[in-house]
Each structure stands twice: as C-alpha cells, then as structure tokens.
There are 2 protein chains.
Amino acid sequence: MARYVVDVMPKPEILDPQGKAVLGALPRLGFEGVLDVRQGKRFEIEVEGEASDDVLAEVIKMAGTLLSNPVIEDFEVHVEGSTVGGGKHSAEALA
Amino acid sequence: MARYVVDVMPKPEILDPQGKAVLGALPRLGFEGVLDVRQGKRFEIEVEGEASDDVLAEVIKMAGTLLSNPVIEDFEVHVEGSTVGGGKHSAEALA
C-alpha cells in the first residue's frame, strides 16, 4: 500500500478569504508578527500496491481533475515515506 | 521571513465525509485501486524574522487553538525550506 499526499493551495494571485480571515483573527488572539496566511487543502490518498511512476501519474491526473480547480488552485503531489516520485507538480504539467 | 506549514487532518477514528465523498467519486471518474482518501487543511503562515524555536512554539500554539479543533483533528507543523524546528506535533504536546 502506498500513500500519496496532494497539497492544493490557492494560486498566489488569487484572493484567499479563508486565509485573510485567519490573518485578521490572529492579533485579536494575541499572536503578533504574522505577515500572511494562505489556506488550502491536503488530501491523503491510499492506493493499492507499491508506489510507482504509473500510480504517481494517476494521482497527478486525479489531483488536476477532481481535487483541485486549475483556474484558481495549484497542487503538489508527493509520496509519503518513500523516495519514489516525490517533488512538485502543477496543473500545467498535465497539458 | 520564515514560512511555516501547518497540516490539519481529521483524527483517524473520526469519520471524514469530505474524504468519503472523494473516494466515492473516484471510480465514477475512472480511477481504480484507491483504498482510502482523507481530506484536511493546509495553512502556509509567513512570520516576521528568522525561524526559531520560539516562533515555532507560537505557531504550534496557533495551530492548536485557532487552526485546528483538538476534539476531532490532529496537526503537524514544519518549517518550509529550513532544517530548524521541523517534525511532527500533536495537540497533546500543548498540554
């Protein structure tokens, strides 16, 4: 069994109202010195069999079509607890 | 400027309806072989100054009080692009 992690974050040029809400709440709760907060999603995906480049390609496709909205979000896929197929991926890599 | 990443995931014993919805949608979209999906949140927090153990302690406090619900969620804090103060943390570490 292989576990993949997909991190989905709003693109830098996209306004992130959830992150801004957290940023606004921090000083009220006594936390100073925070410059910016961005909020995104994290998916942990358990797949049958061993981690491989084929499975990684499937997960990247999944991330680009179901887990993220390519208009407003970027994603990264990495394998948990393995050196196979790590690294950054963006929606552009699908094209 | 230091950037911290806080990953917030539902505890293993907690039902995760968002993850289950994704898991149910995958076969319909032609993705086979996925055993489980868990969905959580990812926060990227930019803090003034250099990464240090003091700042890490602040971010852990932030994660435990504002960014996660300790009843149903676990969190991990790590520093991006640095070796200072990485590693796993759970809400229990605050007690």
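Start with the polar contacts: across the interface of chain B and chain A in this predicted model, 12 residue pairs are in polar contact, both partners at pLDDT 80 or more. To see what chain B brings to the side that touches chain A, colour β1 (2–10), α1 (17–28), β2 (34–47) and α2 (53–67), each of which supplies at least two residues. β2(B) gives the most, with 14 residues. Sorted by class, that side of chain B has 16 nonpolar, four polar and 10 charged residues.

Now select β2 in both chains. These strands run antiparallel, with 13 bridges joining β2 of chain A to β2(B). For a landmark, pick Ile45(A) and look across to Val37(B), which stands opposite.

Next, show the charged side chains. There are two salt bridges across the interface. One to click on is Arg42(A) with Asp7(B), whose closest N and O atoms are 3.0 Å apart.

Switch to a surface view. Chain B and chain A bury about 2,800 Å² between them, 67% of it on carbon and sulfur atoms. Which residues of chain B lose the most area to chain A? Select Phe31(B), Arg42(B) and Leu66(B): together they account for 22% of what that side buries.

Finally, zoom out to both chains. Rotate chain B by 180 degrees, with 0.0 Å of shift along the axis, and it superposes on chain A with an RMSD of 0.0 Å. That's the relation of a two-fold axis. To find the axis from chain B, go to Lys41(B), whose C-alpha is the nearest to it in that chain, at 2.2 Å. The same surface serves both copies, with 100% of chain B's contact residues recurring in chain A.

Definitions and conventions:
Residues numbered from 1 in each chain as written. Chains lettered and ligands numbered in written order. Predicted model: local features only at pLDDT ≥ 70, side-chain atom pairs only at ≥ 80, totals over all residues. Heavy atoms only, no water. Least-squares fit on C-alpha atoms with pLDDT ≥ 70 in both. Contact = heavy atoms within 4.5 Å. Buried area = accessible area lost by both parts, 1.4 Å probe. Salt bridge = Lys/Arg side-chain N within 4 Å of Asp/Glu carboxyl O. Polar contact = N/O pair within 3.5 Å; in protein donor to acceptor, adjacent residues only side chain to side chain. Helix = DSSP H or I, 4+ residues; strand = E, 2+ residues; numbered from the N terminus. Nonpolar A, V, L, I, M, F, W, Y, C, P; charged D, E, K, R; others polar. Pairing = 2+ DSSP bridges.
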